[in-house]
Amino acid sequence: MTQRRALVVDDEAHITHVVTLKLRNAGFEVLTAGDGEEAFEIACAHLPDIIVTDLQMPYMSGLELCEKLKLNPATSHIPAILVTARGHALAAADLAKTNIREVMSKPFSPREVLAKAHRLLGIESEEAREGEAA
Amino acid sequence: MNSGLTKVATDAARSIVRERCRELGLATVALDAVGGLVSAPLEDGALRRWTLSPYALRLLSDASEAWGSEDRAAMRALAPGLWALPVEETQRRRRTGYLVGLAMSRLWLETEEFLAGCQSAQLDAQATRSALLPFAVFDERSANGAWMAMRWMQEDRTAIGGSTAEVEGFSHQLADSFEEISLLYKLGASMNEVNQPERFLKLVCDELHATLGYGWIGALLVRGATRSMSGARRVITAGALVGEQARVERFVRDLLGRTLPDAPAVIAVEHGGVSRAALSHPITRDGRLMGVIVAGEKNGADPQVTSMDIKLVGAASAFTGILLDNAALYDDQQAMFLGTLKALTAAIDAKDRYTRGHSERVAHLTRMLAEAVGLTPKEVERTHIAGLVHDVGKIGVPEDVLRKAGKLTDEEFSLIKLHPDIGYNILKDIPQLADVLPGVLHHHERWDGRGYPRRLEGEQIPFVARLIALADSFDAMSSTRTYRPAMPRSSVLAEIAKCGGSQFDPELAQVFVTLDLSVYDQMVARHVEAERGAMGGQAA
């Protein structure tokens, strides 16, 4: 199987680190960005398979990022997971303009982020395989 | 990492690199992205003055214009024998300026350009030359080496500065996580407070206040949330200032009326012309609203309610809901337990109307005595139960013996004497009553060893049995029996006092005669009335 590429976007380094570690250990190639602008450039240049992004970031929010990605033909198909401390303030109409498939509120379980990434990419997770083997 | 931290990290990196360059004999200046001077050389004297000359500043600004079009700013000769060694400074991937090393050679000090600089700064060329001589140690090759070293240093220092800031961020995050975990542990460990839901709620409020950045935390349960809390409902708070207490309580009370059981709500608290965020979370049980926890007036760096706040308050609400659930189960179980005991004692009383109410009165007196001698509330509760069931064995004694007016035969008395053993056998398979069995079995033992059924004496007799013996005899003497009328109070107390040391534990007998008997007298009066009612009913 070809290596999957993930882009992790958060202005808080501890979040990017934790998510990056989890994804990398699961075999992903991980790119990171500290804000929406940087993330957009990286996404256009490297076309990741999936994006995990924070909502509130300087210069360009996760929501704006995902809207821009959706409008750009090259990146419109990339599924995104939004990890946020403001999930309660999200409007469904805004989400509909994006390719955000999952919203997770902080504090989140890195294991669940990985599981959702696997599910969105149609990858059978290791745990599921182990479960079947058992 | 936020941009504030990046800026601090960049500044720290720059000043370390500049100090090191100075030690290498390399003067440095800091420029902004368009070549304007941000910071002059650290060195005082001629070098500084020459660098600040309009001539030198123009050379630098020309150089930075060239660098602006380069992906990586390259080392550049400002004049023959004078090289500028640029290191880009960036923020958020945008070039914000340059740290520039100035590497000079002896050759340069002899050039026209050098003289031009001196003239434009009105410097004495000869003096300046000798002052700069110690710095003029480079040639193109060594300047290039210095430039590479500068770049590496800058990269390393920036990375280190960034890492340091990240570690700091991690540490803050970790500390917060520890606080949150500790809060959840504490609440989890206090879940056994089923008897005191309000005490648990106080803990919830205190812990949330200490952990979350809110001005105050308040909680209120709905009427009837627990049976044990049927009295006035208090708003429980933490963090509210003395002068604010009433306002906070009113806010929480008002909010409870508007709280829906299905979801938390982010609301605003208006006070003193300022509106601040608040979070209200329902406490529910089986989908029904049981109360509310309110985190009011968010303060600190983030003035908005976060999902972290919601999750933590939500967990505390869930804990409270489970506690209330447990409390209700506990109350039910307790009611069932006591109800069963009362049914048992009612069964005894039904056999002999003269002893009606006896069990409850003995239970009451046993409790009073237990309290008077300083047993713990839990022990007192158990002695009360022992008193309640002490005579349950009488169920197994023939009614005609129990009700017989006049003196009992030896054979009849031996039947009566079986009741402690019978009672013991009836109750012995109820695990919750294991600790009251000694009271049932031994309440007819005497201090002098002449009692029954085991003829125990003195301290061999279980303590609870000694308490019941006093209460039992007192009530028997104070009541009208088939074979004699009730004795007057003074005679009963005199008898109790007299029998301390023979029939009763002498110390307990002394305490007993000092008990306040007003509630006991009310109980007697109630039973007499009930008796009259029953008789009247029969007559009609």
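This is a predicted model: local features need pLDDT of at least 70, side-chain atom pairs count only at pLDDT 80 or more; totals for chains, interfaces and linings use all residues.
**View 1**

**View 2. The pairing of β1 and β2 in chain B.** Strand β1 (residues 27-32) of chain B pairs with β2(B) in the antiparallel sense over 2 bridges. Within this pairing, A30(B) stands opposite S39(B), a residue of β2(B). Strands of a sheet pair through backbone hydrogen bonds, in either a parallel or an antiparallel manner.

**View 3. The open sheet of chain A.** Chain A holds an open sheet of 5 strands in the order β2-β1-β3-β4-β5, and the pairing here is parallel. The edge strands, β2 (29-33) and β5 (100-105) of chain A, each pair on one side only, and neighbouring strands of this sheet are turned by 20 degrees against each other on average, direction ignored. Strand β4 (residues 80-84) of chain A pairs with β5(A) in the parallel sense over 5 bridges, and M104(A) in β5(A) is the bridge partner of V83(A). Helix α2 (residues 36-46) of chain A lies across β1 (5-9), β2 and β3 (50-54) of chain A, and runs at about 145 degrees to β2(A).

**View 4. A salt bridge between two strands of chain A.** The side chains of E29(A) and R5(A) meet in a salt bridge with an N to O distance of 3.1 Å. Because E29(A) lies in strand β2 of chain A and R5(A) in strand β1 of chain A, the pair ties together parts that are 24 residues apart in sequence. Over all chains, the count comes to 31 salt bridges.

**View 5. The interface of chain B and chain A.** Here 19 residues of chain B are in contact with 18 residues of chain A. The two chains bury about 1600 Å² between them, with 47% of this area on carbon and sulfur atoms; R92(B), R93(B) and F170(B) supply 33% of the area that chain B buries against chain A, more than any other three residues. Across this interface there are 2 salt bridges, including one between D302(B) and R86(A), whose closest N and O atoms are 2.9 Å apart, and 12 residue pairs are in polar contact. On the side of chain B that touches chain A, the elements giving two or more residues are α7 (140-189) and α10 (307-351) of chain B, and the residues of that side divide into 6 nonpolar, 7 polar and 6 charged.

**View 6. Backbone details in the loops.** Most residues other than glycine have a negative phi, and most peptide bonds are trans. The peptide bond from K106(A) to P107(A) is cis, with omega near -5 degrees, and P107(A) is placed in the loop between β5 and α5 (110-120) of chain A. In chain B, a cis peptide bond with omega of about 10 degrees joins Y452(B) and P453(B), the latter lying in the loop between α16 (437-442) and α17 (463-478) of chain B. Q122(B), although not a glycine, has a positive phi of about 55 degrees, and is placed in the loop between α5 (112-120) and α6 (125-132) of chain B.

Note on methods. Residues are numbered from 1 along each chain as its sequence is written. Chains are lettered from A and ligands numbered from 1 in the order in which they are written. Side-chain values use heavy atoms; hydrogens and water are left out. Contact means heavy atoms within 4.5 Å. Buried area is the accessible area (1.4 Å probe) that two parts lose on being put together, summed over both. A salt bridge is a side-chain nitrogen of Lys or Arg within 4 Å of a carboxyl oxygen of Asp or Glu. A polar contact is a pair of N or O atoms within 3.5 Å; within protein, one must be able to donate a hydrogen and the other to accept it, and residues adjacent in sequence count only if both atoms are side-chain atoms. Helices (H or I, at least four residues) and strands (E, at least two) are DSSP runs, numbered from the N terminus. Ala, Val, Leu, Ile, Met, Phe, Trp, Tyr, Cys and Pro count as nonpolar, Asp, Glu, Lys and Arg as charged, and the others, Gly among them, as polar. Two strands pair if DSSP finds at least two bridges between them. Axes are lines fitted to C-alpha atoms, for helices over the stretch in contact, and angles run from 0 to 180 degrees between N-to-C directions.
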